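Trainee: Could you show me how to read a structure like this one, feature by feature? I would like the general idea and then the case at hand.

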Amino acid sequence: MNHIPDIFRILPEVVFTITGVVIMLVDASLPAATSRRSLGRIAALGAAIALWTSVGQLSLPAGTGFYGTVETSPFTVFFHVLIAGLVLVTVLLALDALPEETHHQGEYYALISFGAVGMCLLTSAVELLVAFIALEISSISTYILAGYRKDTERGTEAALKYFLLGSFATAFFLYGIALAFGATGTTQVYALARLIPQATNHGLVLASLALMLVGILFKVSAAPFHVWTPDVYEGAPSPVVVLLSTAPKAAAFALLLRVVCEVFPTLEPLWKPLLLVVAVLSMLVGNLAALRQQNVKRMLAYSSIAHAGYLLAAFAGLGTTNIAAASFYVAAYTAMNAGIFAVISLTSGYDDELPQVADFRGLLYRSPMLGLLLLFFLASLIGIPFTGGFFGKFYVFSSAVDGGAVALAIIGLLNSGLAATYYLRLAASAAQRPEGRQILLPAPRIGILALVALMLCAAATLALGIVPNGVLHAAQSAAHTLQVPPAEQFFPASLPPNHP
Amino acid sequence: MNALNQSILTLLLVVPLIGALLIAVAPDRAKLPNWIALATTLASFLLALHLPAHFVAGQAGFQYEANIQWIETPAIFYHVGVDSLSLWLVVLVGLLAPVGVVASWNRITERPKIFYSLFLLQQTAMIGVFVSLDLMLYYGFWELSLVPMAILIAMYGRKNGPKAALKFFLYTFIPSAPLLVAILWMYACTRSFDYTTLQILFTHGAFPPSALFWLSLAFLFAFAVKVPLFPLHGWLSDTYAEAPAALAMVVAGKLGLYSMLRFHIGLFPEQARLLAPWLMVLAVIGVLYGACLALVQRDFWRLMAFAALSHLSLIVLGIYGLTLTGWTGAVYQILSHGVVDAALFLLLALLELRYGTTEIANYGGVAAKLPRLATFFVLAMLAMIGLPMLSGFVGEFLLFTSTFSEVSRTLAVLAALGVILGAAYMLWLAQRIFYGPQSPLAASLPAADLHPGEWGTLVPLVVLMLAMGLAPSLWLGTIASGLHLPTAKATTTSTVYALPATLNPASEEGLR
């Protein structure tokens, strides 16, 4: 039925898997005393190849493989490129930001690669059980990465909290899948989309939607499922947070789009108001809580909750605009968030020696480079024009206005005014003359690879703000393919009969 | 020269950016950043002079236009152009930039690279606001103009820089949220961000009046904070007290007042008419309130802040009188205020540099030591309080004539009281600083009079004040030629500005 070998449909995932395995093998065969930096280089190479193969997937005709379980389409490629790029940035940064004596560096890079497998698969799965497995693969590696500083209390706390709450959330998601199977007799996305309108047991369908949403909204850290975020970000090493706060979220948003727009498009009157309430709640909770934070990473954790809220506001839109706006926002958000956490990793250090907003005082004097980059990423998070953050917000809220939710747009933009307060607190702190013990601090060391990582983030953020056309087109064609299932669909020859 | 006409506005936007980049990459040696900044600002000023030199007065529509698609969906265009309203404002921004560099020359000694790069970025943003004809582009520059300003105030403030910067940023950033929503909503209904297209659609009744009212309110709110209009002036005095003189020169007034004329009255003439009485009352309160507070300030920057509030409110009064004379006077007064304020700020900055304090009480009898500085100050001060034959007089005269004869005598008389108070606080300021017995501070510190560079900056400014006072027709002609009163129910071609004959077919389609 398919002319293309199925393996091409999961090529980036395969590349990441091989990278992870190679890293583990090389790690085991290297003498204990040798530097592990070469492993990081392998991981970076793997991420770059994965990025390249993802782009290459564009030339494949859109369609499914492996008996209708995975799909390649502009939508999956969009998110694959994003995730591979983020993994590349994370690895490059880790090569410089990880202290030489860090334990288990081999596992560190291997886990990042394996996590990337899960995240990529999550965006391309069109079979909910595969999506569940992908979710678990990505989650388990991030649980371990979050607890990488296992000798500190906060590190252990972060990992444990993330693991307990996270497994709960995935359980919810799995339960949702089970109920959907109960209602329709299938877990394949397109089959579900066809069968759900005909399902007789509405209660089951509704419960399934609700449970899946709980699971996914936990992963994107939207209120009221956000409680884990600040603790995990604070406890995890900053170079890990660069990954943690971006790629898994991008993947989870892709899953959210897939579930609500492809599986349950007929229930739009139901999930739309629900998501908008969650959006408003996330903005308010995130921004109000961030106002009071003194710890930079906690503050940005709450800010990421608010950003999840802005993104969900896109769902007020109509047709494909909401998907395009949300996809673009994911790109803009991940670029600037990866950038700012990279700056923080280099400023505060792997062990968070300088965790507080007040500790950033004088950064612009100690290291003009990092200081200006910090201000730039903050400007993008605030949503200053000519940065990616601005166009992200712009598309999201114009999608909301398009859908008639003017009040939502006003709430959202006033919230971004509120958010400016705490971003500016950090900016003002960085712009102040160093005083007291800050004068004695040495300038943070920026290695060449970390610089490349920072510049990638900055260039992406700037490009999204000045020449957004390319990414916007990609987001639009992604949105288009998500809404309209490919013509030659693979369906199992004999669908199980519809349940009564 | 015609080849330049197409790209002149783009050049004006790009030249400061190039200068900023050059400064960023140049080595941090002695005064190198200062010299690059000075060269860049002079070059962009010369380029700006191209605009009036080749401007065709009386020609309808915008000139030096460029209209290129920037982003496809939503349809955002790089659409720039000037008309008689923005023409001289662009030149003014060009003129103030080198003055700002001179005012910062000896004061900014630490991290000059960051200072001058951001200063030039600010320059681009301000010119961008004046020339943008696409609402999104305009909004972009409008927001962009906040950032360098806020960073510079935070980094180079006198005592409480970061706090003042935060206040400034929030005060001006939050009102732009409704502005953006309004722009987006207009786009959602019309599928266009283009100024002229929207103008046509509005006069053809594309929106119900109630919707237009809310839209106009959102626009007005953002502009009123930026001017600032009483009671939204909370940020002004802290910002003036902290900002380096080069930035204080440009922070208030121009952008907000221009936006009121162009985007509030220009897009929503009917709604502006409804709101005008209230705005004029607020403006008169601002004139008097600012003048009274200026009388009691102890710090000369704060005094200048409240003086600015008073003067800018007077311009608002002229704008919302909705008469041609008032608008001409308003534009002229913005220009005059820009030049005079620049001179005064430069002089005060030089005083502060020499004596290291901003407390008026510490000064006294300085004229004996710095006779030239004192002379220039008195000249600029006289121009500010509107002495005939100097630039301030013409604008004030037009504003008062329009208000008195065509709008409201009571308001004109009340506002005139503010002008009398204005003379009082400025004369008193000059007396306390420059005349009377020498204060211990003035006696103890040896201070040099004006350097050639400062001299060379002040002379053109003073000459300009005289020229603007003696031969206002040089400017008034072009300004008045392009302003048209809005007609109540417009036919196709008459709104504030003459419009192109053909409607954009795409936008018509968007309506349906």
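Mentor: Gladly! Let's begin with burial: a residue is buried if 20 or more other C-beta atoms lie within 10 Å of its own, exposed if 12 or fewer, and partly exposed in between, with C-beta atoms placed from the backbone. Helices (H or I, at least four residues) and strands (E, at least two) are DSSP runs, numbered from the N terminus. This is a predicted model, so local features need pLDDT of at least 70 and side-chain atom pairs count only at pLDDT 80 or more, while totals for chains, interfaces and linings use all residues. Residues are numbered from 1 along each chain as its sequence is written, and chains are lettered from A and ligands numbered from 1 in the order in which they are written.

Trainee: Which residues of H2(A) are buried?

Mentor: Among them are A:Leu39, A:Gly40, A:Ile42, A:Ala43 and A:Ser54. The buried residues of H2(A) pack against helices H1 (11–29), H3 (74–97) and H4 (105–124) of chain A; here two residues are in contact if their C-beta atoms, placed from the backbone, lie within 7 Å.

Trainee: How do I read two packed helices?

Mentor: Two packed helices are described by the angle between their axes and the distance between the axes. Axes are lines fitted to C-alpha atoms, for helices over the stretch in contact, and angles run from 0 to 180 degrees between N-to-C directions. In chain B, the axes of H18 (391–407) and H19 (409–434) come within 7 Å and cross at roughly 155°. That makes H18(B) roughly antiparallel to H19(B) (angles under 35 degrees count as roughly parallel, over 145 as roughly antiparallel, 65 to 115 as roughly perpendicular and the rest as oblique). On the H18(B) side the contact involves B:Glu396, B:Phe400, B:Thr403, B:Phe404 and B:Val407, and residues of H19(B) including B:Arg409 and B:Leu411 take part too.

Trainee: Is B:Gly326 buried or exposed?

Mentor: B:Gly326 is buried, with 24 other C-beta atoms within 10 Å, and its place is in H16(B), residues 324–355. Leaving aside neighbours within four places in sequence, its contacts include B:Leu399, B:Ser402 and B:Thr403. B:Gly326 and B:Phe400 lie 74 residues apart in sequence, yet 8.0 Å apart in space, C-alpha to C-alpha.

Trainee: And how exposed is A:Glu262?

Mentor: A:Glu262 is partly exposed, with 19 other C-beta atoms within 10 Å. It sits in H11(A), residues 247–263, and, beyond neighbours within four places in sequence, is in contact with A:Val189, A:Ala193 and A:Leu482.

Trainee: How many residues of chain B are in contact with chain A?

Mentor: There are 28 from chain B, meeting 27 of chain A. H5 (135–144), H6 (146–156), H7 (161–173) and H8 (176–190) of chain B each give two or more residues to that side, and H8(B) supplies the largest share, eight residues. By class, the side of chain B that touches chain A has 24 nonpolar, two polar and two charged residues (Ala, Val, Leu, Ile, Met, Phe, Trp, Tyr, Cys and Pro count as nonpolar, Asp, Glu, Lys and Arg as charged, and the others, Gly among them, as polar).
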